[in-house]
Amino acid sequence: TEKVGIGKMIDAARAIRLLCVDYYGIADLMIESKTRKREIVLVRQVSMYFAKKYTKLSLSTIGTVNGG
């Protein structure tokens, strides 16, 4: 198996985030806001779910990538 560096995993998590905000049609910066509006929270959670599933990053690091 091929080893992937943490930098590439972070890039992948950012790409996942951008795909999610594009798919759901919200502004990229909205995912970083403190709002609890359902449509924003959904995008944030979907982004974190796919980042956790497809990278080996910790939830803490994924949260940082998502503006947390």
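Predicted model: local features only at pLDDT ≥ 70, side-chain atom pairs only at ≥ 80, totals over all residues.
Figure 1. Seen down the axis of helix 1, the buried residues fall within an arc of 130 degrees, so they line one face of the helix. These buried residues are Met9, Ala13, Ile16, Arg17, Cys20 and Val21. Their cover includes helix 2 and helix 3. The face turned away from the buried side carries Lys8, Leu19 and Asp22, which are exposed.

Figure 2. Helix 1 runs through residues 6–24, and Tyr24 lies within it. With a relative accessibility of 36%, Tyr24 counts as partly exposed. Together with Tyr23 and Leu42, Tyr24 makes a nonpolar surface patch of about 350 Å². Just after helix 1 comes Gly25, which adopts a positive phi of about 70 degrees.

Figure 3. The side chains of Asp11 and Arg14 meet in a salt bridge, with an N to O distance of 3.8 Å. The two residues are three residues apart in helix 1, and Arg14 and Asp11 are therefore separated by about one helical turn. Arg14 counts as partly exposed because its relative accessibility is 45%. Asp11 likewise counts as partly exposed, at 47% relative accessibility. The model contains three salt bridges by the distance rule applied here.

**Figure 4. The salt-bridge network around Arg17.** Arg17, Asp28 and Glu32 are linked in a network of salt bridges. In one of these pairs, the side chains of Arg17 and Asp28 meet at 2.9 Å, N to O. Asp28 lies in the loop between helix 1 and helix 2, whereas Arg17 lies in helix 1, so the pair ties together parts that are eleven residues apart in sequence. Arg17 also forms a salt bridge with Glu32, the closest N and O atoms being 2.8 Å apart. Glu32 is likewise in the loop between helix 1 and helix 2, and its pairing with Arg17 of helix 1 therefore ties together parts that are 15 residues apart in sequence. Arg17 counts as buried because its relative accessibility is 5%, a value under the 20% limit for that class. By contrast, Asp28 counts as partly exposed at 30% relative accessibility, and Glu32 counts as partly exposed at 39%.

**Figure 5. Surroundings of Glu32.** Glu32 is found in the loop between helix 1 and helix 2. Leaving aside neighbours within four places in sequence, Glu32 is in contact with Arg17, Asn66 and Gly67. The contact with Arg17 includes the salt bridge in which the closest N and O atoms are 2.8 Å apart. Glu32 and Thr64 are 32 residues apart in sequence, while their C-alpha atoms are 9.5 Å apart in space.

**Figure 6. The buried residue Asn66.** Asn66 is placed in the segment after helix 3. At 4% relative accessibility, Asn66 counts as buried. Arg44 and Ser47 are among the buried residues of helix 2.

**Figure 7. Length and buried face of helix 2.** Helix 2 extends over residues 38–54; its 17 residues should span 24 Å at 1.5 Å a residue, and the C-alpha atoms at its ends are 24 Å apart, which agrees. Seen down the axis of helix 2, its buried residues fall within an arc of 165 degrees, so they line one face of the helix. The residues in question are Ile40, Val43, Arg44, Val46, Ser47 and Ala51. Helix 1 and helix 3 (59–65) are included in what covers them. On the other side of helix 2, Arg38 and Gln45 are exposed.

Note on methods
Residues numbered from 1 in each chain as written. Heavy atoms only, no water. Patch = residues over 30% accessible without salt bridge, like charges linked within 9 Å, V, L, I, M, F, W, Y side chains within 5 Å. Areas by Shrake-Rupley, 256 points an atom, 1.4 Å probe, with all protein chains shown as cover. Salt bridge = Lys/Arg side-chain N within 4 Å of Asp/Glu carboxyl O. Helix = DSSP H or I, 4+ residues; strand = E, 2+ residues; numbered from the N terminus. Buried < 20%, exposed > 50% of the residue type's maximum accessible area, 1.4 Å probe, protein only. Expected span 1.5 Å × (residues − 1). Arc of directions from axis to C-beta. Contact = heavy atoms within 4.5 Å.
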